[in-house]
Every structure is written in C-alpha cells, then in structure tokens.
Amino acid sequence: MRLALDAARAAAAAGEVPVGAVLVHDGRIVATAGNAPRDLHDPTAHAEMRVIRDAAKLLGRDRLEDCDLWVTLEPCAMCAGAIAHARIARLYYGAADPKGGAVEHGPRFFSQPTCHHRPEVYPGIGEGEAAGLLRDFFRDRRG
C-alpha cells in the first residue's frame, strides 16, 4: 500500500485526485499508477484502470487471475467492472468512498448477480493516510 500511497501523492502533485494503485503478480510489482484523467484527457484514466491495462500488456494476457490489486480508494463502478473482467484475485483498498465507491457502497458491484467474478476484498488498508490525502486535496481546492 505504501507504493500506492506514493502514486496518490504524485497524482495530487500533478493536480489529479490523489488515488494510486499497484498491481502485484507472484509477489512482484508489475504496474504502479496514479489517477491521470486530466493529464491524459481520458475519463477512464483512473489509477486502477491504468495498472490493469499496463499489467495486462506486460504479462501478455487479459486475465489477471493470479494478481492482487492495491488501491488507495474504494473503486468506482467502472473500475470494479474492470477488476471483475480482469479476474483479479484479491483487491486491497484504503479509504471507503460513500459517494462514488462501488464495492461496499453504491451498487456493490461484486454482490450483483450479473458479476461473474468476485475478488477477495480487503478494505481499510492504510485507510487513515489515504483518506487524509483526499481530504487535504479537496480542502486545498476549496481554499
């Protein structure tokens, strides 16, 4: 989670919402990224989407069933869908997101009957630090 938090800090420094993600395969870090929708002019450039894309390309496959995803914020519906389609084995995330999250909030994506793959989910890892990054980012924006 430390590397995901570092990626979130880098995203914040670039003016992006501070969310970071790391994808791990066999104990080895395969991809790390922060949010970059503004920089990349891509509304799908969430940290999770970026590491899933990078890892799939690096590993040469679309199924990441033996991989773990570490992310600083509860994934949104788009990212939860990508996690399910990639067949990621385990999801570890930091801060809960009552407004935009889709794992334990909102649509609870992995609980839906139309979801064909459900990763093991471990919430609250590094939650205080992840939530603090987000709180500070938005407080500074509101000034």
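The largest pocket of this predicted model holds about 510 Å³ of space. Of its 21 lining residues, V17, L73, D97, L134 and F138 are the closest to the pocket centre. A pocket is an open set of points on a 1 Å grid over the protein atoms alone, where a 1.4 Å probe fits and protein lies on both sides within 12 Å along at least five of seven lines; lining residues have an atom within 4 Å of a point. The volume is the space filled by probe spheres set on the points, which are joined across faces, edges and corners. Helix α5 (residues 127-142) gives the most to this lining, with 5 residues. By class, the lining comprises 12 nonpolar, 3 polar and 6 charged residues.

The chain contains 5 helices and 5 strands, in the sequence order α-β-β-α-α-β-α-β-β-α. These elements are DSSP runs (helices H or I, at least four residues; strands E, at least two).

Buried residues (under 20% relative accessible area, 1.4 Å probe) account for 47% of the 143 residues. Of the contacts (heavy atoms within 4.5 Å) between residues at least 6 apart in sequence, 56% join residues at least 24 apart.

Residues are numbered from 1 along each chain as its sequence is written, and side-chain values use heavy atoms, without hydrogens and water. Local features need pLDDT of at least 70 and side-chain atom pairs count only at pLDDT 80 or more, whereas totals for chains, interfaces and linings use all residues.

Terms used
Ala, Val, Leu, Ile, Met, Phe, Trp, Tyr, Cys and Pro count as nonpolar, Asp, Glu, Lys and Arg as charged, and the others, Gly among them, as polar. Buried means under 20% relative accessible area, exposed over 50%, partly exposed in between (1.4 Å probe, protein chains only).
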